[in-house]
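The sequence and structure come first.

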Amino acid sequence: INILTKDIEVFVTGSWAFPYLVTVPLNTLISAVMLFNMFGAAALVCYLGMAGLLAWQVISNKILANLQLKFMRLSDERIKFVSNLIKGIKAIKTQTLEDHYESKTAEVRASEIGKFARYCDIKVVCSAIYFNSGVILSSVLFLVVDRSTTMKAQRIPTGRLMTIMAADRR
């Protein structure tokens, strides 16, 4: 009964999410047309910026997955090394090889922690970009596009600006 219950739960959850496969692209297209009519090419720049951030998210997720795999492999290496070390502890103690194996263990741990630190650094940067994407796109819009002479951008009234910023909140 548990397997059947889980399958039903997955089906129900999926059936609730299915309409969004149609409505979200349709809403995005309608809002893109409306924003283009209101703001002109500036809206196109924002949509291109969102596409760029989405592409960055896909690329960074692949990089993070690769780093996570390397980290797990290093963890496996360390676990095997320590396991072998424990199995041969009697021989190591009798031959006074503790210093050699201590430095080897520290080297393996440092390598593992280095990969994990790199993973964390990239993850933090990606999270910062994701959570601040609205600010990043607004900055591009108002700092670059607004001063551009080639796009003939207009000043956006403060009321509209606040509406856009409120709509962008997740």
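Helix H2 (residues 20-39) packs with helix H3 (residues 41-87) at an angle of about 140 degrees, their axes 6 Å apart. Axes are lines fitted to C-alpha atoms, for helices over the stretch in contact, and angles run from 0 to 180 degrees between N-to-C directions. H2 is therefore oblique to H3 (under 35 degrees is roughly parallel, over 145 roughly antiparallel, 65 to 115 roughly perpendicular, the rest oblique). Helices are DSSP runs (H or I) of at least four residues, numbered from the N terminus.

The model is predicted: local features need pLDDT of at least 70 and side-chain atom pairs pLDDT 80 or more, while totals for chains, interfaces and linings use all residues. Residues are numbered from 1 along each chain as its sequence is written, and side-chain values use heavy atoms, without hydrogens and water.

The buried residues of helix H5 are Thr105, Val108, Glu112, Tyr119 and Cys126, and they pack against H3. Buried means under 20% relative accessible area, exposed over 50%, and partly exposed in between (1.4 Å probe, protein chains only).

Rings of Phe, Tyr and Trp (its six-membered ring) pair if their centres lie within 6.5 Å; planes under 30 degrees apart are stacked, over 60 edge-to-face, the rest tilted. The count comes to two aromatic pairs.

| Pair | Centre to centre | Between planes | Type |
|---|---|---|---|
| Phe71 and Phe116 | 4.9 Å | 35 degrees | tilted |
| Phe116 and Tyr119 | 6.2 Å | 25 degrees | stacked |

Phe71 in H3 and Phe116 in H5 are 45 residues apart. Phe71, at 21% relative accessibility, is partly exposed, and Phe116 is partly exposed at 37%; Tyr119 is buried at 16%. Phe71, Phe116 and Tyr119 form one aromatic cluster.

Technical notes
Helices (H or I, at least four residues) and strands (E, at least two) are DSSP runs, numbered from the N terminus. Contact means heavy atoms within 4.5 Å.
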